[in-house]
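In this notebook I record what I looked up in one structure.

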Amino acid sequence: TIVTLTPTADLGWTFDSWSGLDAGDLVDNGDGTWNIIMDENKMITATFAVSCIDVLNENFDGASPPSGWSSGGNKNEWHWGKCRGGPGYRNAHSGENCYGTDMQGKDYKYENLANCYIRTGWIDLSSFSSATLEFYDWYIVEDEGHQYDKVYLEINDGSWHILDTFSGSGSTAQDSWTLKSYDLSSYVGGHIQIQWRLVSSNWVR
């Protein structure tokens with residue numbers, strides 16, 4: 001008797017290999033299935049590995065702001081569009097567009113007393129066992145040694161949590177596009193939003 005085996009992975013997993021005493025008897029059909037002659041009891045194990053799936057992948061280079069994203073808050077100057085202004089920062093990390101402050105002005109300078117954000121739509125992590133957030137950014141955020149102004153990276157899983165804080169100008173500025181990576185595995189099993197929130201003081205920038 002010939003039996004056909006089809007390894008079927010759950011979401012977030014992918015078939016890796018066969019193992020076991022009789023794995024060498026399998027014949028690969030080339031279409032994701034394997035045949036084996038069942039002339040006696042066989043011992044075979046299918047091994048699966050975690051796969052990487054992009055739940056949200058956005059380079060901001062569409063013809064309009066990305067669907068589901070929003071901005072708001074007090075003194076909101078978050079804009080989507082062609083990167084410009086700011087010495088040395090005329091290009092996005094990839095393509096032409098990005099999200100930034102005062103993108104419609106001559107530079108990237110934000111308003112005093114701002115408390116504004118850019119925010120993703122809801123992201124479904126209910127079917128995953130782990131998750132990672134990665135993005136590129138640069139910033140010049142006034143601190144004057146006292147860290148008056150900050151950009152907060154925040155996660156909403158029903159309530160907002162601060163994941164990281166960015167602040168620095170002059171020698172402490174992050175003056176080139178830099179990859180950031182964060183483990184979001186503690187949020188899997190549900191839905192989340194991600195936002196970048198700028199808070200500034202009333203001091204001159």
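The entries below concern a predicted model.

**Entry 1: the largest nonpolar core.** I looked up the largest nonpolar core and found that it has 27 residues. Leu 153, Leu 184, Ile 192, Ile 194 and Trp 196 touch the most other members. I then noted which elements give two or more residues to this core: strand 9 (115-119), strand 11 (132-139), strand 12 and strand 15 (191-199). Strand 15 supplies the largest share, four residues.

**Entry 2: Trp 196.** I listed the contacts of Trp 196, leaving aside its neighbours within four places in sequence. Trp 196 is in contact with Trp 69 and Trp 78, with Cys 116, Tyr 117, Ile 118 and Thr 120, and with Phe 135, Val 151, Tyr 152 and Leu 153.

**Entry 3: another core.** I found another core of five residues, apart from the largest one. Its members include Trp 18, Ala 23, Leu 26 and Trp 34.

**Entry 4: Lys 150.** Is Lys 150 buried or exposed? I placed Lys 150 in strand 12 (residues 150-156). Its relative accessible area is 18%, and buried means under 20%, so Lys 150 counts as buried. Not counting residues up to four places away in sequence, Lys 150 touches Val 141, Thr 165, Phe 166, Ser 167, Arg 197, Leu 198 and Val 199.

**Entry 5: a surface patch.** On the surface I noted a nonpolar patch formed by Ile 53, Val 55 and Leu 56. Together these residues have about 230 Å² of accessible area. Val 55 lies in the loop between strand 5 (45-50) and strand 6 (70-74). I recorded Val 55 as partly exposed because its relative accessible area is 38%.

How values were computed
Residues are numbered from 1 along each chain as its sequence is written. This is a predicted model: local features need pLDDT of at least 70, side-chain atom pairs count only at pLDDT 80 or more; totals for chains, interfaces and linings use all residues. Side-chain values use heavy atoms; hydrogens and water are left out. Patches are made of residues with over 30% relative accessible area and no salt bridge: like charges are joined within 9 Å, nonpolar side chains (Val, Leu, Ile, Met, Phe, Trp, Tyr) within 5 Å. Accessible areas come from the Shrake-Rupley method with a 1.4 Å probe; for residues, only the protein chains shown count as cover. A salt bridge is a side-chain nitrogen of Lys or Arg within 4 Å of a carboxyl oxygen of Asp or Glu. Buried means under 20% relative accessible area, exposed over 50%, partly exposed in between (1.4 Å probe, protein chains only). Contact means heavy atoms within 4.5 Å. A nonpolar core is a set of buried Ala, Val, Leu, Ile, Met, Phe, Trp, Tyr and Cys residues joined through side-chain atoms within 4.5 Å.
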